[in-house]
Amino acid sequence: MTIYTPLDTELTWAPSPGQTLQLELEDRGVTQADLAARTNLSTKHVNLVIKGHAPLSPEMAVALEGVLGGPAETWLRLEAAYRARAARNDWLAQLADYAPWLRNFPRRALVDYNVVEPSDSDLTKVEKVLRFFQVASPEAFEKAWLRPQASYRRSQIFEIDSYATALWLRLTERAAERLNVAASYDPGMLREVAGEIPGLTRVPIRDGFVRAQALLRRTGVALVFVEEVGDTRISGATRFVAGRPIIALTGRYKRFDSFWFTLLHEIGHLVLHPRRATFLEVGRASAQDDEDAMETAADSFAAEAIVPRKRRKELLAATTEAAMRSLADDLGVSVGMVAGQRGALTNTWNGAIGRLRERGDLDQLLRPVSDSVD
């Protein structure tokens with residue numbers, strides 16, 4: 001007895017077990033009525049299985065094993081392959097109806113981030129986008145990616161593009177998957193590591209970021225940089241995915257001190273706040289401009305890491321560029337960090353403060369970021 005088993009390759013077509021059964025009966029010269037009698041099944045049921053209108057059950061597979069000699073598992077594999085292919089064909093037929101859904105996404109970003117190819121058909125694009133988000137339909141996408149956004153804590157209340165935000169969040173997950181992160185998250189170690197981050201502001205930003213990434217990996221935190229998608233207004237985010245914390249940053253503000261402050265702010269969320277909360281830093285105009293208690297606490301955590309509260313008087317007294325440089329050297333941070341903190345305290349951003357706050361195209365400076373294992 002030879003039975004074709006389509007198990008090792010993905011097929012666009014799979015034979016029904018009924019077709020295979022019919023060929024087997026013809027080879028043996030056995031009628032459907034005879035098979036029904038030998039298996040103690042009705043002739044009608046045997047006919048329905050052969051025509052593919054009824055599934056081949058485990059009980060029938062065992063009966064066929066006894067009558068025809070082939071393993072029951074082989075018949076069941078044929079049945080599973082056939083039903084899976086039929087279900088997939090039904091799903092593919094629905095994709096054409098989902099084409100308008102694609103217009104919700106920033107199409108240029110889908111191409112730039114290799115989610116789809118420009119030459120893909122609409123049907124292929126829909127399939128790729130659904131697979132990218134690991135959902136089966138637009139309705140499932142809404143449940144998995146859009147509805148949760150209502151519960152995210154945001155540093156400011158702005159109208160944001162939910163689809164672009166979902167795309168960015170999924171990209172951060174993909175980036176985090178490429179990092180070799182410690183198996184378990186250690187909040188205590190993270191608090192210790194946070195003390196080393198301000199010193200990294202004195203080295204070239206790319207080097208500092210890679211070193212920060214390595215430090216956080218050892219604490220079980222995945223730190224990633226993903227360019228802002230469209231008008232999401234996001235400068236950073238903290239979230240847990242499959243139990244693993246991810247800190248994601250963008251280069252939205254171009255100012256190096258804002259970038260480092262955002263990193264420390266996100267670390268503050270992990271150290272201070274609930275494990276399962278998601279925090280998005282959206283549209284922040286300055287370092288300390290939010291009334292939300294958790295955001296204020298994270299801001300305070302970051303500010304304390306840069307300029308300890310006991311030295312705030314010195315910070316306010318540092319009115320000249322030379323004084324700010326001297327304080328920065330004493331604190332072991334970049335002068336831009338001191339200038340940024342003084343600007344936040346005094347709401348003054350011009351003059352020496354503006355000159356000392358280094359800026360650059362972080363999207364260029366931090367792309368691509370090394371994710372090699374230490």
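Figure 1. With 71% relative accessibility, Asn40 counts as exposed. Most residues other than glycine have a negative phi. Residues are numbered from 1 along each chain as its sequence is written, and side-chain values use heavy atoms, with hydrogens and water left out. Since the model is predicted, local features need pLDDT of at least 70 and side-chain atom pairs count only at pLDDT 80 or more, whereas totals for chains, interfaces and linings use all residues.

**Figure 2. Aromatic rings around Phe141.** The structure holds 14 aromatic pairs (rings of Phe, Tyr and Trp, the last by its six-membered ring, pair if their centres lie within 6.5 Å; planes under 30 degrees apart count as stacked, over 60 as edge-to-face and the rest as tilted). Phe133 and Phe141 make an edge-to-face pair, because their planes stand at 75° with the ring centres 4.9 Å apart. Phe133 counts as buried at 2% relative accessibility, and Phe141 counts as buried at 0%. Phe141 also forms a stacked pair with Tyr163, at 5.4 Å centre to centre and with 20° between the planes. Phe141 lies in helix H8 (residues 138–146) and Tyr163 in helix H9 (residues 162–177), so this pair ties together parts that are 22 residues apart in sequence. Tyr163, with a relative accessible area of 19%, is buried. Ring pairs join Phe133, Phe141 and Tyr163 with Trp101, Phe105, Phe132 and Trp145 into a cluster.

**Figure 3. Arg170, Arg239 and the salt bridges of Glu173.** Arg170 lies over the face of Phe132, at 5.6 Å from the ring centre (a charge sits over a ring if NZ of Lys or CZ of Arg is within 6 Å of the ring centre and within 35 degrees of the ring normal). Arg239 forms a salt bridge with Glu173, with 3.0 Å between the closest N and O atoms (a salt bridge is a side-chain nitrogen of Lys or Arg within 4 Å of a carboxyl oxygen of Asp or Glu). This pair links distant parts of the chain, since Arg239 is in strand S3 (residues 234–241) and Glu173 is in helix H9, 66 residues apart. Arg239 is buried, with a relative accessible area of 8%, and Glu173 counts as buried at 9% relative accessibility. Salt bridges that share partners join Arg170, Glu173, Glu177 and Arg239 into one network.

**Figure 4. Two further salt bridges.** A search of the whole structure finds 23 salt bridges. One of them brings together the side chains of Glu227 and Arg367, at 2.4 Å from N to O. Glu227 is in the loop between strand S2 (222–225) and S3, while Arg367 is in the segment after helix H18 (362–365), and the pair links these distant parts of the chain, 140 residues apart. Arg367 counts as partly exposed at 41% relative accessibility. Glu142 and Arg147 meet through their side chains in a salt bridge of 3.8 Å, N to O. Glu142 is partly exposed, with a relative accessible area of 37%, whereas Arg147 counts as exposed at 51% relative accessibility.

**Figure 5. The nonpolar core around Leu263 and Ile267.** The largest nonpolar core has 46 residues, and Leu263 and Ile267 have the most contacts inside it (such a core is a set of buried Ala, Val, Leu, Ile, Met, Phe, Trp, Tyr and Cys residues joined through side-chain atoms within 4.5 Å). Helix H12 (residues 256–272) gives the most to this core, with nine residues. Leaving aside residues up to four places away in sequence, Ile267 touches Leu190, Ala194, Ile197, Leu216, Ile247 and Phe301 (contact means heavy atoms within 4.5 Å). Apart from this core lies another, of 43 residues, including Trp91, Val135, Leu179 and Ile246.

Terms used
Buried means under 20% relative accessible area, exposed over 50%, partly exposed in between (1.4 Å probe, protein chains only). Helices (H or I, at least four residues) and strands (E, at least two) are DSSP runs, numbered from the N terminus.
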